[in-house]
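Trainee: Can you walk me through this model? I have the sequence and the structure open.

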Amino acid sequence: MISLNRSNCVIIVTFIALLALPPVLASIGESYYISIVTKILIYALVGVSLDLIIGQAGLVSFGHAAFFGMGAYVCGVLSHHGSNGLLVFYLFPGTSNALLTWPIAVIVCMLLGLLVGIISLRTAGVYFIMITLALAQMVYFLIISIPQYGGEDGLGLYGRNELAGVDLNDDTQFYYVCLLCLVFYLAGSIKLTRSSLGLIIKAAKFNQQRLVALGISPFKYQLLIFVFSAAGAGLAGALMANLTQYVSPDYLHWNLSGKFLIIVILGGIGSLFGGFYGALILLGLEEVLSSYTDHWHFVVGVILIIMVLTSRQGFYASITGKKT
Amino acid sequence: MTVFLDAVHLSKQYAGLIAVDDFSIKLEKAKIHALIGPNGAGKSTAIGLLTGEIRADSGEIDYLGSDISRLPTVRRAQAGIAHSYQITSIINEFSVLDNMLIALMAHAHEDAVGLKNPAKNKLLQDHASELLEQFRLSDVASRLAGELSHGEQGRLEIAMCVATRPKILLLDEPMSGMSLMDGEKMISLLNSIKDSVAILLVEHDMEAVFKLADKISVMASGKIIASGMPQSIRRDPVVIEAYLGHH
């Protein structure tokens with residue numbers, strides 16, 4: 001039985017609001033906003049995945065866009081070849097079946113996460129930040145150097161993927177699919193953090209010396225959470241490629257890695273659910289402010305500074321009164 | 001007598017400064033070997049050489065018949081060498097119970113490491129309560145380790161070491177800064193666990209050392225200057241000159 005404490009109430013209310021949003025928007029004739037909220041859900045998925053590394057493992061990754069962008073590109077390239085009938089890298093046919101493109105995007109991102117993790121988890125602190133940034137930028141330059149897939153111009157898709165029984169081209173249905181992905185990933189993340197594996201990963205964040213002196217080498221556990229995190233970001237990337245029907249090199253760029261970090265910090269490091277609220281605040285602010293002024297970046301910056309100064313624990317902690 | 005660990009001719013230099021010079025020590029099962037000496041004598045460095053946190057320039061460490069002097073710390077710990085630090089090293093941000101769970105999962109309950117919530121693993125929980133009981137920490141099990149008294153923190157650290165089922169316990173000043181009562185508790189605890197392990201005890205509290213030690217080695221300027229039974233060490237003029245005389 002779920003107890004009705006403040007944080008559970010906040011989560012339940014949020015979830016019901018998200019479930020009810022499409023019919024409400026349709027009834028007031030503002031269905032345009034569904035795409036914006038879908039984008040928030042997708043960014044929330046990245047936020048949750050990044051918070052696993054930052055909040056649980058205590059490692060600040062400044063290269064999360066690499067997984068997001070890679071997921072988008074894998075999905076985009078497969079779909080691209082699915083439409084034009086040519087072979088991917090002259091090896092295998094493309095497809096626009098979501099049950100293939102999305103899992104493949106996730107698996108490729110997990111492999112990339114394994115590689116990046118094996119290299120970067122040998123370091124910590126500032127060095128970890130720098131090495132994840134450097135590796136992510138390598139991925140960025142690698143992808144834009146492939147002219148077949150649009151180079152710096154990105155790659156347009158012919159519609160969204162196909163999923164049996166669901167019309168992904170319908171914004172409302174696509175919205176619910178994204179919500180489902182977020183809920184499942186969140187559930188998995190919570191399971192992981194409450195497990196004994198999660199306890200060891202957190203122990204490594206606080207006192208690695210003690211862990212090693214006990215005979216536990218945290219590397220493989222940290223690698224596991226890093227790969228799981230990459231999977232979430234990769235799935236989000238595949239969803240983003242579908243949402244915009246376009247794959248942009250911007251999805252791989254370090255600017256976006258920074259944005260993901262802001263989402264996690266705003267929402268509240270270590271809270272997992274904070275990933276959603278961080279995405280809601282940041283993208284919401286962008287959406288609202290950019291309709292008033294061209295200088296909205298500046299205003300967003302000022303608001304972010306105020307928010308971080310007034311609520312160090314992040315937004316989720318502020319509304320739930322829960323320390324993370 | 002069963003020798004668990006036999007370190008010979010260990011040396012460590014830092015940029016010309018000799019921290020440990022030709023250090024040899026034998027640790028035997030069910031015996032407490034005390035290592036005393038003035039500050040800066042190289043006692044903590046010697047422990048570091050045994051755990052692998054400090055790499056020896058030369059010398060060998062035989063542990064249960066194999067040379068472990070090239071093994072990294074984590075492997076030595078897995079093999080059964082546990083270490084409590086001079087500055088207590090526990091996970092302050094965790095509850096006392098969670099600290100115990102981590103220590104138990106290191107060795108005794110390796111199979112508990114997985115996606116299951118450790119709170120729902122009865123075997124693990126029972127074992128943890130047992131150890132907390134033994135180390136008189138049951139009452140504070142749900143408190144954050146960082147909020148405990150100095151004495152309780154020291155006991156928790158040693159309880160965590162014991163949870164890994166070690167053969168060797170390296171204790172770096174386990175009683176420093178403790179109240180008289182906590183010190184007494186520690187002495188009776190160490191006596192109660194000593195049967196299955198070999199203990200190296202670095203300690204400044206001479207009363208505790210003479211109560212506990214089966215053998216005492218005295219270090220000064222990186223060298224062992226005397227080694228023997230407590231009674232003979234107490235009377236050794238070299239030791240009195242170098243160390244005991246100051247007290």
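Trainee: Which elements each supply at least two residues of the lining of the largest cavity?
Mentor: Helix 2 (73-79) and strand 6 (81-84) of chain B do. Helices (H or I, at least four residues) and strands (E, at least two) are DSSP runs, numbered from the N terminus. This is a predicted model, where local features need pLDDT of at least 70, side-chain atom pairs count only at pLDDT 80 or more, and totals for chains, interfaces and linings use all residues. Residues are numbered from 1 along each chain as its sequence is written, chains are lettered from A and ligands numbered from 1 in the order in which they are written, and side-chain values use heavy atoms, with hydrogens and water left out.

Trainee: What counts as a cavity?
Mentor: On a 1 Å grid over the protein atoms alone, a cavity is a set of points where a 1.4 Å probe fits but cannot get out. A pocket is an open set with protein on both sides within 12 Å along at least five of seven lines, and lining residues have an atom within 4 Å of a point.

Trainee: What is the volume of the largest cavity, and which residues line it?
Mentor: The volume is about 40 Å³, meaning the space filled by probe spheres set on the points, with grid points joined across faces, edges and corners. The lining consists of A:Ala213, B:Thr51, B:Thr73, B:Arg76, B:Ala77, B:Ile81 and B:His83. Helix 2 of chain B gives the largest share, three residues.

Trainee: Now the pockets. How much space lies in the largest pocket?
Mentor: About 1,700 Å³. Its lining has 48 residues, and A:Thr193, A:Arg194, A:Gly270, A:Ser271 and A:Lys322 lie nearest the centre. Helix 6 (171-194) of chain A supplies the largest share of that lining, eight residues.

Trainee: And by class?
Mentor: There are 24 nonpolar, 16 polar and eight charged residues in the lining of the largest pocket. Here Ala, Val, Leu, Ile, Met, Phe, Trp, Tyr, Cys and Pro count as nonpolar, Asp, Glu, Lys and Arg as charged, and the others, Gly among them, as polar.

Trainee: What volume does the second largest pocket have?
Mentor: About 400 Å³. It is lined by 18 residues, with A:Asn255, A:Leu256, A:Lys259, A:Glu286 and A:His297 the closest to its centre.

Trainee: Switching to the sheet in chain B. What is the strand order?
Mentor: The order is 2-1-4-5, in an open sheet of four strands with antiparallel pairing. Two strands pair if DSSP finds at least two bridges between them.

Trainee: Which strands stand at the edges?
Mentor: Strand 2 and strand 5 (66-67) of chain B each have a single partner strand, so one side of each is left without a neighbour in the sheet.

Trainee: How many bridges join strand 1 to strand 2 in chain B?
Mentor: Eight, between residues 3-14 and residues 17-28. One facing pair is B:Ala7 and B:Ile25. In the hairpin, two residues lie between these strands, and B:Ala15 takes a positive phi near 40°.

Trainee: Which residues of chain A lose the most area to chain B?
Mentor: A:Leu199, A:Arg210 and A:Leu214, together 30% of what that side buries.

Technical notes. Buried area is the accessible area (1.4 Å probe) that two parts lose on being put together, summed over both.
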